[in-house]
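We'll go stop by stop.

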Amino acid sequence: MPYIANTQADREEMFKHIGCADFAEMWRQAQVTVPEPSLDSLPHGLSEFEVVSNLKQLAAKNASELVNFLGAGYYDHIIPAAVSDITSRTEFYTAYTPYQPEASQGTLQAIYEYQSMICRLTGMPVANASLYDGGTALFEAMMMAVRATRRRQVVISEAVSPIFRKMIECYSSNLDIELISVPAGTADSNQQALLDAVTDATACVMVQYPNVFGTIEDWSEFTAQIHAGKAMAVCSTYPISLALLTPPGELGFDIVTGEGQSMGIPLSFGGPYLGFMAVTEKLMRKMPGRICGRTADADGREGFVLTLQTREQHIRREAAMSNICTNENLCALSALVYLSCVGKQGLIDVAELCAAKAVFAREQLLAIKGVEPVGGDAFFNEFVIKLPMDAGEAVGKMIDKGFAAGFPLGRYYADRSNQLLVAVTEKRTREEIKALANALEGVLWN
Amino acid sequence: MELIFAKSQKGRRGTSLPRTDVPAACAVPEKFRRAKAAELPEVTEQDAVRHYTLLSRKNMGVDTNFYPLGSCTMKYNPKFHERIAVLPGFADLHPLLPQLRHGGALTQGALAVIYEAQRILSELLGFADCTMQPLAGAHGELTGVMLIAAYHKARGDEARKIMLIPDAAHGTNPASAAVSGFECREVATDDEGNVCIEDLKSKLGPNVAGFMLTCPSTLGLFDQNVKEVCELVHQAGGLNYCDGANFNAIMGRVRPGDIGFDVMHVNLHKTFATPHGGGGPGSGPVGVAECLVPFLPVSRVEKRNDGTYALQYHCDDSIGYIAPFYGNFGVILRAYAYMLSLGREGFKRVSENAVLSANYMRVRLKQHFAQKVDRVCMHECVMSATPQAEKGVHALDIAKALIDRGFHPPTMYFPLIVPEALMIEPTETESKETLDEFISALIEIAEMVDTNPEEILKCPVTTPVKRLDETAAARKPVVADLA
C-alpha cells in the first residue's frame, strides 16, 4: 500500500485546478519527458500482514540469542522499557530538526538536558546535540583540532578502536593530513611512544579511555605534556565506565567523544547509534553539529533554540565546521531517558555490576589451563586473554556451543592471533560466566 | 517547564537491577576513580516518564500536525515499521557477529534485508549497485564525493580538484565537497530555474572533478536541460552527482542513472517513510554507475550462487570504511518494509500524487504570493513572500502565524536564490482537505498583511513560548546545566 490520501475524485478536481487532464500531461508540463522505466523486475506490493510475516521470518534467521561476551565498543546492556516507550512517542519521532523553536520545545529541551548530562558524565563544560557514531565523532574531533591549531599532523594510538581508526584513515585520504599511528604496548597505549611522536606540527593526540583492550590508563600527566607542545589531547570514551572513572574533563582533555550506544540504544546490527562530543569552553564555536542553547521569549519565559548556527553548513556552506545536518536526535533522546531512569546511583550500580562480573569472568577464564592474562589488572568490564590456540578458531567453535565468546583481536592486530577480547555486562549471570569457562575449556582441551 | 534535574531527590531510584551473584570486586584501582559521582538526576521511573511525556506534547510532529517542510518530505511513517525494528532477531543482533569465523551464517536474515534493499534501490535509481552504509543524507554526499575523488585518482587524473555546485544547492553539498578536500565553484541558475548552461560551460575544464546537482532542483523544478547538463560534464571529463533529497518527486518515474548521473544519494528518512526522529537518525544510501562500483565502501553485501548472503571485505580499490558497520540498519529495515509495501506498482503512484498535491498548492497560492518561476513544479512549490515583505511582514512572520493556526511552517529562506522563500512540500500522504485548510490559512494570513499586520508580528501566541531571543542565545551561549 502506498499510503496515498487522495481519492480519484480528489485527483480529478486537483487536475482541473492545475489545467492538466491526467498524470501523463502533468509530467509533460513539468518537463519530465524522459522515458518511463519498467519496474517489472521488482516484487508486487504487499499488505502490512505479509510484510510483517516476511520480516519475522528473516529476523528468525539471525542468531541474536547467543550468550553475548562480545563488546569491542558495542555492548549488550539492560535497557529499561521506559526508554523505548518515550522514544515511541510520535510527537518526538515524527518531528524534524527543530527549525521552528516555538513548535519544537519538546525536542529542544530534551537536547539541552542531553547536552547537560553528557557534560556531567565527561566533566566537560560544553556538548553538542549528537553526531552519527563514535567513529565519525572522533574524526570530527580531529578536524576540530586541525582547525583550532592550524596544524596538519595527527597522532593516533593503535589502542584506539581499529574500527574508528579505519574510518579516520578513509576520511583523511583526500585531505592534506599526516596521520601518525603509534603501536600499542601489551595492552596499553604506550604513552611514551605517543609523546615521542609529537612534533611542533602536531594538531592533536588521540587516545581511548579505557582503551580498546579494556585497560584503564593514567592520562593526568600526559595531557599536560601534550599541551606543553600546544597540541590538543582528544579522547574517545565509553560512557558507562565514566560512572566510576575520573572524567576526561578532569584529566585535561580538550575534546571528548565516544560511542553512546551503551546508553539505552539496542545493538541493532550496527545502527542507528550515537556519537557524542564534549569540548572545552574555548572550543565551543569551533564545534561541529547542532547545539541547543537556553534563552527567553519576549515575556521572559525560558525556552530553548538551536544556537551558534553560523558554524553550520546551511549558513556557512563550504566554510562550515562540518557537513553534518541530520544527526542522531532520537538516539540522543534514548540516552537521555536511559540516564534519567537509571539515575545517579543506578549508573554506578550498573558499572559496579559490570566490573564485578568482569573480574569474576577473568578469574574463571584464567583458571583454564593454558589461558594467560594479557595486560595488567586495571580494567573496567573488558579484558584480553591469550589462548593456547588461534582465538578466531576458538570463537568459531564456541558459537556452536551457544556463546559469542568475545572478539578475536587477530582480525585487526596481526601479532595478536591468540588473543581474545572479552566483554562482560550486568546482563551476564554467574551461571553464564561459568558455562562460558566450561565451554572454552572444552574447546581448548577436548 | 523545569529541567529533569529540578525533580531530583536524593535517594530516589528509577530502575531495578539484577542482584549481584558474584563476589563484590572491581578492577578499577582507587587512583582512577572519580572523586564525585556524575550528577545525574535521582527520579522515579514515573517522574521520568511524566516529564518526557509532557515534553513530547510541546512538539509538532507529522502525527499531530500538517508538516509541509520543503525538502524534508515529512510523509506519514507507517506504524508497523516500528514493530519490526524491535523484533529481537534484529534489535539484539551484535554487529561484530559476521566478523567471527563462520559468522556470516549467524546473520543471514539481516544481510538479506540489506542486500534486497540495495537491489530494489539500484533498480529504482537505475544504477549498477549501491551501498546502504551512509548514516544520513550529508554522509551520503560525502561518500559520493569521495567516490568521485577515487575515480579520478585511479585514472591518474589528480588535477581535478574543483567541484561545481549550483547556487541553489543545499548547504550540505559545498560542505561535503569541502570535507573531502575539493574546492567549490558556484554555477548560476537561469531565469527558468534551470542550470545556466553558459555559466556551466565557462566553468567546466580539466580541473573539474564533477557537478553536484539536486534533481529535481531545490526550486522544486525538473531541469529541462538535465540530460544536456550531464553530457557537458561528461565531455569535460567530470562526473555527475545527484543530490537525491527530492527523489520523492520522481521515484518510479525517472531513473537518474538513465539520464546521465553517475552517483547519487537518497534519504531514506524522506522518500522511504522512515521517521525523522526530531533530527535523525537518518540514512543516506548511495547508488553508483558501473564506473564507480570498484570504489564502494567496505564491506559489501553480496548474494552467493547458493542463495546465501555474505560480506565482502576484500575490495582493493575501495575508498575504505565510511561507517562502523553496514549502515543505520534499523532505518534500512523500516525503509525495506516500505519498499515491500509499495511494490512495483506503488513507487510511481507515490511520486505522481506528491507532484499533483504540490501543483494544486502552487496554483491555489500563486495569486497571493510571488514565484521565481511560474511553471508546473515537482513535489514542492517555492513561494516568495516579497509582496508581504514590502509591507513589513516577512516569511518568518508568516511561518509563526501558521503555527498559531495549527500547521508546521514550510521551509523558510531556502533556496537562497529566492528572496523570502516559503518552500512547501505537502507529500502524497496528506489529503486534499488538509491542503485546503492550509491554503485557506495562508490566504487569510496574506490578507491580514493588509488589514492587521501587527497581529501577525506578535505570532505565535498559542505555543508554550513566544518568539525566542536567538540573538541573546548566540551572544552568550548557555548550552548545559552543569552540576
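Start in chain A at A:Pro210, which sits in the loop between strand E5 (202–209) and helix H10 (220–228) of chain A. Helices here are DSSP runs of H or I with at least four residues, strands are runs of E with at least two, and both are numbered from the N terminus. Show the backbone here: the peptide bond joining A:Tyr209 and A:Pro210 is cis, with omega about -10 degrees. Most peptide bonds are trans.

A word on what you're looking at: this is a predicted model, where local features need pLDDT of at least 70, side-chain atom pairs count only at pLDDT 80 or more, and totals for chains, interfaces and linings use all residues. Residues are numbered from 1 along each chain as its sequence is written, while chains are lettered from A and ligands numbered from 1 in the order in which they are written.

Next, select A:Pro272, in the loop between strand E7 (255–259) and strand E8 (275–279) of chain A. A cis bond links A:Gly271 to A:Pro272, with omega near 5 degrees.

**Chain A, zoomed out**

You'll find 14 helices and 15 strands, and the C-alpha trace spans about 85 × 55 × 45 Å along its principal axes. Of its 446 residues, 62% are buried, meaning that 20 or more other C-beta atoms (placed from the backbone) lie within 10 Å of a residue's own; 12 or fewer makes a residue exposed, and anything in between partly exposed.

Colour chain A by domain: domain 1 is 67–76 + 344–445 and domain 2 is 81–337, with bounds from an automatic or database domain assignment. Their centres, taken over C-alpha atoms, are 28 Å apart. Where they touch, domain 1 of chain A gives 21 residues and domain 2 of chain A gives 20; contact means C-beta atoms, placed from the backbone, within 7 Å. The side of domain 1 of chain A that touches domain 2 of chain A takes its largest share, 6 residues, from H12(A).

**A sheet with helices on it**

Which strands make up the open sheet in chain A, and in what order? The order is E11-E12-E15-E14, with antiparallel pairing; strands pair if DSSP finds at least two bridges between them. At the edges are strand E11 (372–374) and strand E14 (407–408) of chain A, each pairing on one side only. Helix H12 of chain A packs on this sheet, touching E11, E12 and strand E15 (419–423) of chain A, and its direction makes about 5 degrees with that of E12(A). Helix H13 (residues 391–400) of chain A packs there too, touching E14 and E15 of chain A, at about 50 degrees to E15(A). Those axes are lines fitted to C-alpha atoms, for helices over the stretch in contact, with angles running from 0 to 180 degrees between N-to-C directions.

**Into the core**

Select A:Met142, A:Cys204, A:Val234, B:Val263 and B:Ile332, which touch the most other members of the largest nonpolar core, a group of 328 residues. Such a core is a set of buried Ala, Val, Leu, Ile, Met, Phe, Trp, Tyr and Cys residues joined through C-beta atoms within 7 Å. Its largest share, 23 residues, comes from helix H12 (residues 329–366) of chain A. Beyond neighbours within four places in sequence, A:Cys204 has contacts including A:Met142, A:Ala145 and A:Val234.

**Crossing to chain B**

Show both chains: 178 residues of chain B are in contact with 175 residues of chain A. On the chain B side, helix H9 (residues 329–365) of chain B gives the most, with 22 residues.

Then select strand E4 (residues 208–214) of chain B, where 7 of 7 residues are buried. E4(B) pairs in the parallel sense with strand E2 (residues 162–166) of chain B over 3 bridges, and with strand E5 (residues 239–244) of chain B, also parallel, over 5 bridges. B:Leu213 has B:Cys242 in E5(B) as its bridge partner.

Last stop: B:Ser71, in the loop between helix H1 (45–56) and helix H2 (80–85) of chain B. Its phi is near 80 degrees, a positive value in a residue other than glycine. Is B:Ser71 buried or exposed? B:Ser71 counts as buried because it has 21 C-beta neighbours inside 10 Å.

Methods: Contact = placed C-beta atoms within 7 Å.
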